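Please find below a colleague's note on the model shown here. The points are numbered so that each may be taken up separately.

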Amino acid sequence: MTPITHAQLDWDDQGRPHSRVFDDVYFSDQSGLEETRYVFLEQNRLQERFAALPVGEHLVIGETGFGTGLNFLCAWQLFEQHAVAGARLHFVSVEKYPLSHADLRRALALWPELQPFAEQLLAQYIAIHPGFQRLVLDNGRVTLTLLIGDVLEQLPQLDAQIDAWFLDGFAPAKNPEMWTAELFAELARLAAPGSTISTFTSTGWVRRLINAAGFKMKRTPGIGHKWEILRGEFRGWPSDATPPPATKPWFARPARGAHGERKALVIGGGLAGCATAASLAARGWQVHLLERHEALAQEASGNPQGVLYLKLSAHGTALSQMIVSGFGYTRRLLEHLQRGVDWDDCGVLQLAFDAKEGQRQAQLANAFAPQLLHPLNREQAQAKAGVALAHGGLFYPEGGWVHPPALCDWQARQPGICVQPLHEALELRKVDGQWQAWGGEQLLASAPVVVLAGAAEVQRFADLPLKRIRGQITRLPQTVESAALKTVVCAEGYVAPPRLSEHTLGASFDFKNDDLTPTAADHAGNLALLQDISADLAQRLHAEALDPAHLQGRAAFRCTSPDYLPIVGPLVDRAAFDRAYGILRKDARQVPDAPCPWLDGLYVNSGHGSRGLITAPLSAELLAAWINDEPLPVAASIAEACHPNRFAVRALIRAKAG
């Protein structure tokens, strides 16, 4: 993963930004607003298309070059003015050199009439890191997906159907990499039937390359000092070009439209279930959230403090990419909660407690930008933490702790969600296109779509390789001296600054114990973890005088998968799947064109392990995108890596080896 580099700007005497790297302006020195509206909004006929959107439908705009966000804000303003209340706007934009928050605020201050939209954008423009970053605006009515990185690395990973393209890289002479045949082939791959396209340039070779990709371009009168511009429509993939490879059928999207009414059941009221309910409700769905306990977040999501900790790899694995994108998404969600009680961005310090960990941290420091993580020596780490430490380590300045029940409660309070406590689903039946959830002899609820989000309990309804891991945390009363702890500190365990006069310390890790009664042995083990983290903090908490038999805490089961990636996506009839793709037993390279035997309307969001705060909310957006046929919020490779069918495919391939 290439570390993020912010745009390097100079500002002219009228406060307009200029790129040092490309020696070019971000917008016209005459009227950036008028140019944007004419070149991009008018040429793509967006006013009439927004006005024609029915309730429940969406329009997707794709852009090359987010820059200052001016095009996005103008499109959002027009959408707000002309679209019906139940319609939605998706905007997907690529940016290699995103502006810093301060520079973005300064640039957008030039356009007072866009201020209401700019302020919402700025409030969510945080934790912007490499890869896919999803921002949800206007209570879910508008979705912005930023692809941070090189355009020819990011766009091939996009799974979307784009209705209108804005080509707005810097001028072709200044930035030729944004005007290549390879890029235009990606635009064509992603173009919906009848997709439109426009750009400020009228350069002949650009027009010819876009035409060759399957668009029909024509010159049209320009605006200001631009004599001509280009606009066009997608006519289809060129007959003389090799078509893009088809998605493997077991990772393809289930057909949309078979669900009928927009009603869903979500089984499980923890982080995954509440996030899923909220993502669907934001799209106009009526959601019944079934929870077997008397309140939400009673199991692994019920700990008083969870840590926003990014356990990353320097090698850009699918899990690392998922964590970086998920961290940003969760971090933006938390802005809706009360800082200091529901969450705190106090930072997270991961100690380099041995040579192996120190080596791993050195690799991470080289692989990621300092805004995400940076090394601290022992003295710097002590100053950051507020207590004495035996080691330095990596500091994650945007991390911190979260009270998971507060996040669950906020999500479950969104309009359109009906929480049904003490409703334990024991059986699912499909009757007349409706999934029925039964609790013994009682019909609990029914809907055309069901999402299984009950951690390992998902195995009641689906053959998935989930395993439970018992974890126990210890609650330690704050002392006058322990209040000095200013940041979460992790080694083999973790300890958080006080919330409501209490520290959370943890956590044990036990595959074999199925009893959730807290034990003195695990409390003693957690106190040993505390000693390893900071002997000074242990002394401040008077740990040596604490009797493990009398400590307070709670135990719960984490639920994880064999490859530690979450399991997120649509489910299949496993027997029919094995019949349809049995050829994989003989040749793993074969890709049969048989359609995937989906269990129509049945989905899963589970297997988040100890990373649920970071991966569950983004996974909910991923599910909602599948169900609503929207742009995916993660790279296609990540969606496939998290897909439930990965296990069915592996099982068939291994059967050959056996």
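1. Basis of the note. Helices (H or I, at least four residues) and strands (E, at least two) are DSSP runs, numbered from the N terminus. The model is predicted, so local features need pLDDT of at least 70 and side-chain atom pairs count only at pLDDT 80 or more, while totals for chains, interfaces and linings use all residues. Residues are numbered from 1 along each chain as its sequence is written, and side-chain values use heavy atoms, with hydrogens and water left out.

2. UniProt, in an unreviewed entry, places "domain: MnmC-like methyltransferase" at residues 112-232. That span is 27% helix and 34% strand, and its end C-alpha atoms lie 31 Å apart. From the UniProt record (unreviewed entry) also comes "domain: FAD dependent oxidoreductase" at residues 264-626; here the end C-alpha atoms are separated by 14 Å, with 27% helix and 26% strand. UniProt positions are given in the numbering used here, feature names are shortened, and annotations may be inferred rather than shown by experiment.

3. Helix α4. In α4 (residues 101-108), Asp 103, Leu 104, Ala 107 and Leu 108 are buried; buried means under 20% relative accessible area, exposed over 50%, and partly exposed in between (1.4 Å probe, protein chains only). These residues lie on the same side of α4 because they cover an arc of only 125 degrees around the axis. The arc is that of the directions from the helix axis to the C-beta atoms. The buried residues of α4 pack against β1 (9-11), β2 (17-19), α3 (70-82) and α5 (115-124), where contact means heavy atoms within 4.5 Å.

4. Helix α5. The buried residues of α5 are Phe 117, Ala 118, Leu 121, Leu 122 and Gln 124. They fall within an arc of 165 degrees seen down the axis, and so line one face of the helix. Their cover includes α3, α4, β6 (131-137), β7 (142-148) and α10 (318-333).

5. Aromatic pairs. The whole structure contains 13 aromatic pairs. Rings of Phe, Tyr and Trp (its six-membered ring) pair if their centres lie within 6.5 Å; planes under 30 degrees apart count as stacked, over 60 as edge-to-face and the rest as tilted. Trp 250 and Tyr 581 are edge-to-face, because their ring centres are 5.0 Å apart and their planes stand at 75 degrees. Trp 250 lies in the loop between β11 (228-234) and β12 (263-267), and Tyr 581 in the loop between α16 (574-580) and β31, so the pair ties together parts that are 331 residues apart in sequence. Both Trp 250 and Tyr 581 are buried. Phe 509 and Phe 511 also form an edge-to-face pair, at 5.5 Å centre to centre and 80 degrees between the planes. Phe 509 is exposed, with a relative accessible area of 53%, whereas Phe 511 is partly exposed at 42%.

6. Ring cluster and charges over rings. Phe 40, Phe 66, Phe 72, Trp 76, Phe 91, Phe 117 and Phe 166 are linked into a cluster by ring pairs. Arg 106 lies over the face of Trp 11, at 4.1 Å from the ring centre, and Arg 468 over that of Phe 557, at 4.0 Å. A charge sits over a ring if NZ of Lys or CZ of Arg is within 6 Å of the ring centre and within 35 degrees of the ring normal.

7. Strand pairing. Two strands pair if DSSP finds at least two bridges between them. Strand β31 (residues 598-606) pairs with β24 (residues 449-452) in the parallel sense over 3 bridges, and Val 451 stands opposite Tyr 603. Strand β30 (residues 567-572) runs antiparallel to β31, with 5 bridges, and Gly 569 stands opposite Val 604.

8. Open sheet. Which order do the 8 strands of the open sheet have? The order is β17-β18-β16-β26-β27-β28-β25-β29, and the pairing is mixed. The edge strands, β17 (374-376) and β29 (552-560), each pair on one side only. Strand β17 is joined to β18 (residues 393-396) by 3 bridges in the antiparallel sense, and Pro 375 stands opposite Leu 394.

9. Leu 485. This residue lies in the loop between β25 (467-477) and β26 (488-490) and is buried, at 3% relative accessibility. Leu 485 and Pro 497 are 12 residues apart along the chain, with their C-alpha atoms separated by 5.4 Å. Not counting residues up to four places away in sequence, Leu 485 touches residues including Ala 385, Val 387, Pro 497, His 503 and Leu 537.
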